[in-house]
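I opened this entry to look up the pairing of charged side chains. Side chains of opposite charge can pair when their charged atoms come close.

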Amino acid sequence: MINNISLPRLINIRFFYFIISFNILLISNGGAQPSASDKIVDMPYSEKLDSLIKAFNIPDARVDQNSEIKNNQNIQIDYGEKFFQRAQEIISKQVVPNNIEFKVYLYSRLGVCYIEKKSNKQASEELYKARDYANLLEQPKRSKYLANIESNLLPVLNEERKYEEAISLAQKIIKEYQGVGTGLLKNIVASSALDEFVYAAKSHKWSNDKIKLHLQKITDTYTNEVACKADLHLLRIAEEQKDEKTIKMLKNKILTRYPKTWEYTNIYQSYFDAEIK
């Protein structure tokens, strides 16, 4: 049943928006090295946009002179309205610079703003724009931007009930973005995509047996957090099918195959805690 995965899926997505935003490549001006004040972790998104406007000398794009850029990683990140208004301003005035990385940054962040506003149609439009521009970049920048953009686009496709496209994109992300993440969540991109894949497949009326074949391929191919999550989904399906032999095997596999470190226990511990209760 879809309800079995809806809650962890939503938790992962909301957390993922926060994490992936810190991994966007820094945008340089004409190939110059970005300054310390250009670090995304050091300023709200609206101030980041203002710093880029200054760097590109964009005419008629007003910068808030009272905005103070603080070199402090603990400041509250500006996800929403201020960035949204600033971005809309430079777009409406047609003063977006002819720079690919600037456009990738602008449209990808706008896409997330629309996600926050629950405007899926506008979100997908902006994220598709960002993806088109990102595909014009050379490697390795192209893949790093695409990992961000496509991972934000994937849940939007599911919300729009475009399940076939979501399944295809999820499979691409799982294959191409292994090891993309941050800190202990070093596979957050692929593991979140796996949740979206299962959600899309169930919503698209795939049989459990068909889903199992795809999950088994993943757990046979990888030995990381993505495989661990695939095993957990296989366990849930086994429970739906009341397959006691497979349930016992998968529980033992999850508890013995994977390290007892946070990045793994974070995936399955809540399941076993709930079972004990």
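I first looked up Lys 253 and Asp 231, and both are buried (under 20% relative accessible area, with exposed meaning over 50% and partly exposed in between; 1.4 Å probe, protein chains only). The model is predicted, so local features need pLDDT of at least 70 and side-chain atom pairs count only at pLDDT 80 or more, while totals for chains, interfaces and linings use all residues. Residues are numbered from 1 along each chain as its sequence is written, and side-chain values use heavy atoms, with hydrogens and water left out.

I then noted that Lys 253 and Asp 231 form a salt bridge (a side-chain nitrogen of Lys or Arg within 4 Å of a carboxyl oxygen of Asp or Glu), their closest N and O atoms being 3.1 Å apart. This pair links distant parts of the chain, 22 residues apart: Lys 253 lies in helix H11 (residues 244-257) and Asp 231 in helix H10. Helices are DSSP runs (H or I, at least four residues), numbered from the N terminus.

I next looked up Lys 229, which forms a salt bridge with Asp 195 at 3.0 Å between the closest N and O atoms. Lys 229 is in helix H10 (residues 225-240) and Asp 195 in helix H8 (residues 188-203), 34 residues apart. Lys 229 and Asp 195 are buried.

I also recorded the salt bridge of Lys 129 with Glu 126, at 3.7 Å. Because they are three residues apart in helix H5 (residues 120-134), about one helical turn separates them. Lys 129 is partly exposed at 37%, whereas Glu 126 is buried at 9%.

Finally, I noted a network of salt bridges linking Arg 131, Glu 150, Lys 172 and Glu 176. The count comes to twelve salt bridges.

Definitions and conventions. Helix = DSSP H or I, 4+ residues; strand = E, 2+ residues; numbered from the N terminus.
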